[in-house]
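Please look through the sequence and the structure shown here before reading the report below.

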Amino acid sequence: MQIAVNIAVLASIYALICCGYVLIYRATRVLSLAHGELMMLGAYGLYATASLFKGHPLIALAAAAGLALAVGLAVYAALMWRMTGESVLAAVLATIALGILLRGAMMLAFGTLTQHPLRDLGWENASIGLPGGARISAVGAALILSTGLVYGGLFAFLRGTRWGMRMRAAGQNPLLAAQRGIGLHGIYALSWGLATFTGGLAGMLIALDAGLESTLVIIGLKAFPAALVGGLDSLVGALAGSLVVASAEVLLIQYVDPLLSDVVPFFVLLAMLVVRPWGLFGTREELDRV
Amino acid sequence: MNVARSSGYYRTRYGEDFALLDTKTQKAWCAVFVAALLAYPFVAGPLALDLANQVLLASLGAIALMLLTGYAGQISLGHAGLLAAGAFTTGILFKELAAPFWLTLPAAALAGAALGVIFGLPSLRLRGLYLAVSTLALHFIVIYAGGEYETRRGFSTGIIVDPPRLGDWALDEPRAWYFVLLAAAAATLLFAANLLRSRTGRAWRAIHGREAVAAALGISVHRAKLSAFVVSSTITAIAGCLFAYYRGFVSAEAFSLYLTIEYVAMVIIGGMGSLLGALLGTVFVVLFPYAIDAAMNLLGLAERLSSVVFAVNYSAFGLVMILFLVFEPQGLVGLWRRAQDWFLLWPFKQRPLAGPR
């Protein structure tokens, strides 16, 4: 029972991070390897707002989430729009370079000490007992809840709203979409904004749970195999992939070797790439040359 | 090679099209350059010598990556993993069997070739982004295997490797290292240059251009891709072996993702598809942190920021990489060629569309 709970929490962490990879890839065909750093930036945003709005934890959370959205838009406006139409390698490298820049900047601005935003917000991480003898931390429960909310919101947004329809159109065929009067830069910026928002949310929740330190970036990097396993352009796939990767990781750690934790997602990824490179739910596509 | 001369230069034999150095001026400059390289260790101080050694060592890996990414067009984000494979092969053979360097070096090369096949196999099915991701996954697996060996055998801080010996003489002095590394780098450069004007090199460029056309021309795309991976990773593993001996120390932490990114940056900053670019990029990336350090000293920021030098380096490196990607995708070679054109073509600005290029 406890294992099932652990899998659920880890899968929702991965899923919450993954939808950022999927949103960006689906709209702009770029794999953002700066996602881990953007998550961390979101978490530092919470750390900053927590001290700014002392005693109003909910306002601080909302402000930090808004900040993350703005950061995503800014990243697109400042750097990534120049990479539209460039080769795959150039765009991926630009995100890697952005990640390095952000990591250095965050070390300069916030230092390298572990921070505890939960304490700054004045909350306790209570442990909740579940039927069946399992326990889950309050933040873990919040993680699962917010993953559900985020995915529900994203599905509703992509299916039901005009902007969501535009985003799907731009992802399917940018040329046709542009000719029908859809402003691609607006759509791309929005997808970067949303991705950073969800990633930032994941970063904040992980930081609330486990403290804010540089390992957050590694969690971000470990989540992208989940996105690939599910299929890089499918949100349902991101959920399924997260579940697969998280169960593989938890079970192997439990029964084989705890040291495996950092490589399990990559093993799963390699197996998937050999069998079905476009992922569980992804669309098969003619992959771009360098 | 293939540079337009200002005037009065005509090739009259086919052999001249293949020559690595085709004019007397080029040969003379090359001789001067070689003489300068040979004289360098006798005038340089200890720090300058160490920097030169680092540049020479890194140039092996950069040339290897340039062959793979710049010429054959296969993205790899697993370069640090291959370096680690070479270094760990050396370290493990040294620790377990006390093997001398004339055994560890070929063993590292073999391990590199074998890993090259493994890294290359996904390239037969995958392209672009997915290939990059699969090499990235392999990087993590190689590093994990190395770390696992360290912890299982109780070398959790790393493996210490003694300097290579030949009889009584040990290679432990920076000046001797300089000549060894210079010879290794020169051999690699010559090998790469020769390979690129052979059938294999032409096949690599063809699959870079477009795979379907290359196949129509009678090139075995699979063989060309695998050979690119094998050649590149063999050179890289040899570089890893030399790295292990030069540092005298092997540990999994030294081969992080950041090292891969540094090598990719060398290729990008130097300029894709040019061996000169690989060398220029290596010099730039290796010397960059020292340049930042010197600049901070000069500005008097060193005391205030001494605790965060690392962070400053990091962000400056990311910034420079972004600037190159956005404003000069051709890299340093692009800058160099543009300067050359400016002088060669003056008073005109543009190259003619047809004719020698």
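The model is predicted, and the search for cavities of 30 Å³ or more within it comes to a count of 2. The second largest cavity has a volume of about 40 Å³, and its lining includes A:Leu89 from chain A together with residues of chain B, among them B:Leu65, B:Thr69, B:Ile75 and B:Ser76. Also part of this lining are B:Val264, B:Val267, B:Ile268 and B:Met272.

Seen by domain, the lining of the second largest cavity draws at least three residues from domain 1 (44-255) of chain B and at least three from domain 2 (258-357) of chain B.

In chain A, helices H2 and H10 pack against each other, and their residue ranges are given in the table.

| Helix | Residues |
|---|---|
| H2(A) | 35-52 |
| H10(A) | 215-230 |

How are two packed helices described? They are described by the angle between their axes and by the distance between those axes. For H2(A) and H10(A) the angle is about 135°, and the axes lie 8 Å apart. H2(A) and H10(A) are therefore oblique to each other, and H2(A) passes H10(A) in a right-handed crossing.

Definitions and conventions:
Residues numbered from 1 in each chain as written. Chains lettered and ligands numbered in written order. Predicted model: local features only at pLDDT ≥ 70, side-chain atom pairs only at ≥ 80, totals over all residues. Heavy atoms only, no water. 1 Å grid on protein atoms, 1.4 Å probe; cavity = no way out; pocket = protein on both sides within 12 Å on 5 of 7 lines; lining within 4 Å. Points joined across faces, edges and corners; volume = space filled by probe spheres on them. Domains from an automatic or database assignment. Axes fitted to C-alpha atoms, helices over the stretch in contact; angles between N-to-C directions. Helix = DSSP H or I, 4+ residues; strand = E, 2+ residues; numbered from the N terminus. Parallel < 35°, antiparallel > 145°, perpendicular 65-115°, else oblique. Left-handed = near helix turned anticlockwise from the far one by under 90°.
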